[in-house]
Amino acid sequence: SSSSLTPTQPWCAPDALSLSLSLTHSLALSPEPAGGRLDGYCGRILRAQTQGTRRDGHHEFRLRVEGDPETYLPGSTYRVVLLATSPAYFRGFTLIALKEGREGTTDDDYTGQFQNIDEEETQFMTNCAPAVTESTPRRRTRIQVFWTAPPTGSGCIILKASIVQKRIIYFQDEGSLTIRLCEKERVFGEATEAPAMECCACGTAKYRLTFYGNWSEKVHPKDYPRRANHWSALIGASHSRGYVLWEYGGYASEGVRQVAEFGSPIKMEEQIRQKGDEVLTVIKTKAQWPAWQPLNLRAAPSAEFSVDRTRHLMSFLTMLGPSPDWNVGLSGEDLCTKECGWVQRLDTGLIPWDAGTDNGVTYESPNKPTIPQEKIRPLTSLDHPQSPFYDPEGGAITPVARLVVERIARKGEQCNVVPDNIDDIVADIGQEEKEEDDTPETCIYSGWSPWSACSSATCEKGRRMRQRMLKAQLDLSVPCPHTQDFQPCMGPGCSIEEPSTCMMSEWISWSACSVSCGMGMRSRERYVKQYPEDGSLCQLQTEETEKCVVNDECYSLPCMLSPWSDWTECSVTCGRGLRTRQRMLKSDPAGCSEELEQTEKCMLPECPVDCMVSEWSEWSECNKSCGKGHTIRTRMVKLEPQFGGGACPETIQRKKCKIRKCRTKRRRRGKQGRDAAAEEQTGCRMRPWTAWTDCTKPCEGGIQERFMAAKKRAKGALTAGCQDRKEIRACNVHPC
């Protein structure tokens, strides 16, 4: 269901107003008489049709309703596009919607409601509220607005556009700037669109909902996510008018958000169950991984639910994943007919809608919450060029799923005005026979499980089994039997039944043609409704393909292009760069404004980064006060090598040093011997060496020191030989 979109009347920019006034003056319109809509500003627009310059049959400009429908659904919202064919353009425009046969002289002549999409481009006329015009006059080739169809019973409508190019105005009663749409007629037994009257049906009805996912790489090839494509668990309910699970123009609840963004139905089910008597049945099916498989390999998920006079609406949703916040579903679908009966069958295609909670535009866009939250709206083919559903021509989105709701039983006295047909009676009798058993009313069971495989793999007789669970025993004195059921069977290929026991569904409608122009292929499918009782496989065909032609004259269009070339190599050998692709123009360039070259960013492995080191430090002091020693210098690693860059050079160097010869009486072996000899020669006593100091750096090469001080100097000792001593060594030479 679509919410009503109420137009506002924004302030009209002076430039736009002056342009409109100058146009009416240039068309020599008569002065305004007093009284009546015709004598106001809207009247001027209507008179411009007959007094303005007209060019019947021209095709420079076109008014289009997205999807090119031949009828409108009351209350539904459509995207209306006004476009110019290159190299034409327009500066201003006026867009109105009239009831067929009306002149636009009264408020009642106008029908439906426009809504501005971009207020920088379009606005409502200040003095003619039903009309949409430009916000500022400038060259443009395209504008778009939303239009909500009028309620049931409004009949046919006329959408009309006028074009301002320089000082010329075009306004047509027919041709490419006029569209006639009539209300879609409903067939008896078809679902109704939120009727104003309450449901008058009697008893209850039981339905089976079957969900057929058509979202596949074959049908929707652009950017199709091959690895993680799936449908989330379907969640919904049959409910009263007082409860709304979701609706176009409304805001997503937390339960809807969690389904839309994460595919989790837990919160949604919790919200549904909290509604108590507003809900009759909770509708659930399992998730589907992957999103599509042939129906002979995986049956379409289904669920059963019931409706009654107060809870006769059905709503559900399921996420197509991965996606930002995209779902399909129905909102408030009424299964009660105006003839006081129950809808027999509903079969409808489903297009995705946006929950308004995430800003992503592609299947795998990163999470980007929409703040503030936006309203729920259907996705369109003009939303964003990166969208997988984008079509620059604004064509209708091919449905990603199909829903079939079939009535399988009615209970209680019925009061439908139209007599039952044979299908109604047979369906009810079949269900009654199916449900007849001797189960006590005080025993509440689950549904039967599927039949097990046959116990015999040969042509000997065996049996198969199905089970159900006892959920509640209301009277303990009454036993609850029959939790198991058995049937005779034989192994595969042993049945004497004819292959006709393999029951097939009707063919699903043909898919869209694989090409948008010329000859392509299309396909359709059906599925196995009942396998042979012997357990053998059905040999009947489940898929058909055929050739299809779309616009067989398309190759005579003025703008003919070759396919895109492959992308060039990236402009860099490492890191971030650019790549391009081209296509060739095969026709007169004067009639084509399509781009012939595209550029996009590319990313190669990161470029190698060589090691970077600092300058050398100064040489340290010699580590000996006499004799041969060494001195060191260090440098730091400023940047480690990355992505295969050059390794770091040495970070510490040492060289020999010699201050003076040490004075000794005799040579002794070992360091302690040399120290003792120095003490005897100099006549002073030295303290032991101190411990090494802490390293001056934790890494990249530091220095440690230790000291020896004179303990006692003898009288007459050589002053030069009785000095404090210091030694230096390198430490922590590993890189940081």
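1. Which cysteine forms a disulfide with cysteine 574, and how far apart are their sulfur atoms? The partner is cysteine 607, and the two sulfur atoms are 1.8 Å apart. The model is a predicted one, and this distance is computed from it. The torsion about the S-S bond is about 95°, so the link between cysteine 574 and cysteine 607 is right-handed. Cysteine 574 sits in the loop between strand 30 (543-550) and strand 31 (576-582), and cysteine 607 in the loop between strand 32 (597-603) and strand 33 (612-613). Cysteine 607 is partly exposed, at 28% relative accessible area.

2. The structure has 12 disulfides. One of the disulfides joins cysteine 156 to cysteine 182, with 1.9 Å between the sulfur atoms. This link is right-handed, with 100° about the S-S bond. It connects distant parts of the chain, 26 residues apart: cysteine 156 is in the loop between strand 8 and strand 9 (157-165), while cysteine 182 belongs to strand 11 (residues 178-183). Both ends are buried: cysteine 156 has a relative accessible area of 17%, and cysteine 182 has 18%.

3. Cysteine 200 and cysteine 340 form another disulfide, in which the sulfur atoms are 2.0 Å apart. Its torsion about the S-S bond is about -100°, so this disulfide is left-handed. The two cysteines are 140 residues apart and link distant parts of the chain. Cysteine 200 is in the loop between strand 11 and strand 12, and cysteine 340 is in the loop between strand 18 (326-334) and strand 19. Are the two ends buried or partly exposed? Cysteine 200 is partly exposed, with a relative accessible area of 27%, whereas cysteine 340 is buried at 14%.

4. An open sheet of 4 strands, paired antiparallel, has the order 16-12-22-19. Its edges are strand 16 (302-307) and strand 19 (345-350), each of which pairs on one side only. Ignoring direction, neighbouring strands in this sheet are turned by 20° against each other on average. Within the sheet, strand 12 (residues 204-213) and strand 22 (residues 401-411) run antiparallel and share 10 bridges. Glycine 213 has alanine 401 of strand 22 as its bridge partner.

5. A further open sheet, also of 4 strands with antiparallel pairing, has the order 1-3-8-5. Strand 1 (61-65) and strand 5 (113-116) are the edge strands and pair on one side only. From one strand to the next, the twist averages 25°. Strand 3 (residues 77-84) and strand 8 (residues 142-148) are antiparallel and joined by 7 bridges. Opposite leucine 83 stands arginine 142 of strand 8.

6. Glutamate 525 deserves a separate point. This residue is in strand 28 (residues 518-525). Which side chain of opposite charge is nearest to glutamate 525? That side chain is lysine 218, 6.6 Å away. Glutamate 525 is buried and has no salt bridge; the cut-off for a salt bridge is 4 Å, computed between a side-chain nitrogen and a carboxyl oxygen. Leaving aside neighbours within four places in sequence, the contacts of glutamate 525 include Trp292, Leu295, Trp507 and Ile508. Glu506 and Glu543 are also among its contacts, as is Thr542.

Technical notes:
Residues numbered from 1 in each chain as written. Predicted model: local features only at pLDDT ≥ 70, side-chain atom pairs only at ≥ 80, totals over all residues. Heavy atoms only, no water. Pairing = 2+ DSSP bridges. Axes fitted to C-alpha atoms, helices over the stretch in contact; angles between N-to-C directions. Buried < 20%, exposed > 50% of the residue type's maximum accessible area, 1.4 Å probe, protein only. Lys, Arg positive; Asp, Glu negative; His and termini not counted. Contact = heavy atoms within 4.5 Å. Disulfide = S-S within 2.5 Å.
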